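Please read it alongside the sequence and the structure shown below.

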Amino acid sequence: MGSYRLCLCYTRKFKVKEAEPPEDVRQAFKKYADGGATMSAEQFRRFLVESQGEAVASVADAQRVVDQVIHKRHHIAKFSRHALTLDDFHHFLFSADLNPPVGSEVHQDMTAPLSHYFIYTGHNSYLTGNQLSSDCSDVPIIKALQRGVRVVELDIWPNSAKDDVHVLHGRTLTTPVELIKCLKSIRENAFATSPYPVIITLEDHLTPDLQSKVAQMITQTFGEMLYYPEAELKELLSPEDLKHRIIISTKPPKEYLEAKGTKESSHSEKKDAEDDIWGNDPLDVSLARQDNKTEGETNEHSHEDEESDDCETESCQPGGPTYKRLIAIHAGKPKGGLKEALQVEADKVRRLSLSEQALEKAAESHSTDVVRFTQKNILRVYPKGTRFNSSNYKPLVGWMHGAQMVAFNMQVCFRLWKIPLVDAWYV
């Protein structure tokens, strides 16, 4: 109903005419109403089952929708009529409230491996604002989980006394939050919206003794909720198999010698400045740098890092095996350039992280390799380092190439996005 003032004297009201039902809607109504002028609840239920794919819809469910349509469109007739006219049926089909494009219940097949799904993923999930100076807190993690996020990222660092573990964005002015506080919040809110698994990706900057402490925190906090296989996975399990489970994903631990660690830290900061990436997994920095080189060109520092990554024996890292055993999805350790990093291994699955720039380059030069990699493995894409204000990138490039974890700065998404989800695993 629209109102128009004429000559400043009186107001005339004009009823806005609804669009006429198109031919395909008319044919559907005629089919399920058996040629009659109205569609009963039973006939409407048959439409929901056969055309809408709502196999579990009952007559009571159909009648409830019919009553809602009549109540909304015909206030006078709401107590006397319990069937839909053609216009009522047309209204239902195009109603975002009564017939949303994405339903509230999962009806997809959730029994395929995790690599077959797009996973609702957060980036630096603990930040309350910008990437440089905002506070770190468990509150953004709680909000993300309550909105259906299934992948939470935690950057873990030693505290100033080197006897506990904090979560913060390294080499920035962000204020830390205790790891144990974040873990408890994840446990309490992980399945508030969805029963499907929550994956915690750890960016680990710890010494072996603190890694052992983290292992104790994780096992004590999550208990039976925690999923970790007896041996390294050769194929990913399905969301259905992993309902109400917590999964840890990070690089396998290695021993950080203090002297070498200082040298690598200094070199890493230099690389970060050049690559426009800071505080990220060494894998991510290495890939971004390697991608700027020609195939077959070697990197002295990368080779040194690869050798240190191989230090995974019990004698090499005290307390390490317990921590390593908790890692269900291992982050990859490429040998060489991006093409080598995208190679599919028959006897194992892994997670690979790429910045948005590295993904764009990979999509241009190795698009087939990227798609082949994501058929079995997990690819995580994260925002570039210059997005200091926590802005986000266009996710379609990642999704089009099968990237399951397209990571968003959720504090921006919460302000701008109002997206209904079938389930958190579907973006």
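How much accessible surface does the protein chain have, and what percentage of it belongs to carbon and sulfur atoms? In this predicted model, the accessible surface of the protein chain amounts to about 21300 Å², and carbon and sulfur atoms account for 52% of it.

**The chain as a whole**

- The secondary structure of the protein chain consists of 16 helices and 13 strands.
- The protein chain has 427 residues, of which 49% count as buried.
- When contacts between residues at least 6 apart in sequence are considered, 70% of them join residues at least 24 apart.

**Packing of α5 and α6**

- Helix α5, spanning residues 139–146, packs with helix α6, spanning residues 179–189, at an angle of about 20°, and their axes are 9 Å apart.
- Because angles under 35 degrees count as roughly parallel, α5 is described as roughly parallel to α6.
- The crossing in which α5 passes α6 is right-handed.
- To this contact α5 contributes Ile141, Ile142, Leu145 and Gln146, while α6 contributes Cys182, Ser185, Ile186 and Asn189.
- By class, the residues of the contact of α5 with α6 comprise five nonpolar and three polar, with no charged ones.

**Arginine 187**

- Arginine 187 is located in helix α6, and its relative accessible area of 32% makes arginine 187 partly exposed.
- Apart from its neighbours within four places in sequence, arginine 187 is in contact with Thr221, Phe222 and Met225.
- Arginine 187 and glycine 223 are separated by 36 residues in sequence, and their C-alpha atoms lie 9.8 Å apart in space.

Definitions and conventions: Residues are numbered from 1 along each chain as its sequence is written. This is a predicted model: local features need pLDDT of at least 70, side-chain atom pairs count only at pLDDT 80 or more; totals for chains, interfaces and linings use all residues. Side-chain values use heavy atoms; hydrogens and water are left out. Axes are lines fitted to C-alpha atoms, for helices over the stretch in contact, and angles run from 0 to 180 degrees between N-to-C directions. Helices (H or I, at least four residues) and strands (E, at least two) are DSSP runs, numbered from the N terminus. Angles under 35 degrees count as roughly parallel, over 145 as roughly antiparallel, 65 to 115 as roughly perpendicular and the rest as oblique. A crossing is left-handed if the near helix is turned anticlockwise from the far one by less than a right angle, and right-handed if clockwise. Contact means heavy atoms within 4.5 Å. Ala, Val, Leu, Ile, Met, Phe, Trp, Tyr, Cys and Pro count as nonpolar, Asp, Glu, Lys and Arg as charged, and the others, Gly among them, as polar. Buried means under 20% relative accessible area, exposed over 50%, partly exposed in between (1.4 Å probe, protein chains only). Accessible areas come from the Shrake-Rupley method with a 1.4 Å probe; for residues, only the protein chains shown count as cover.
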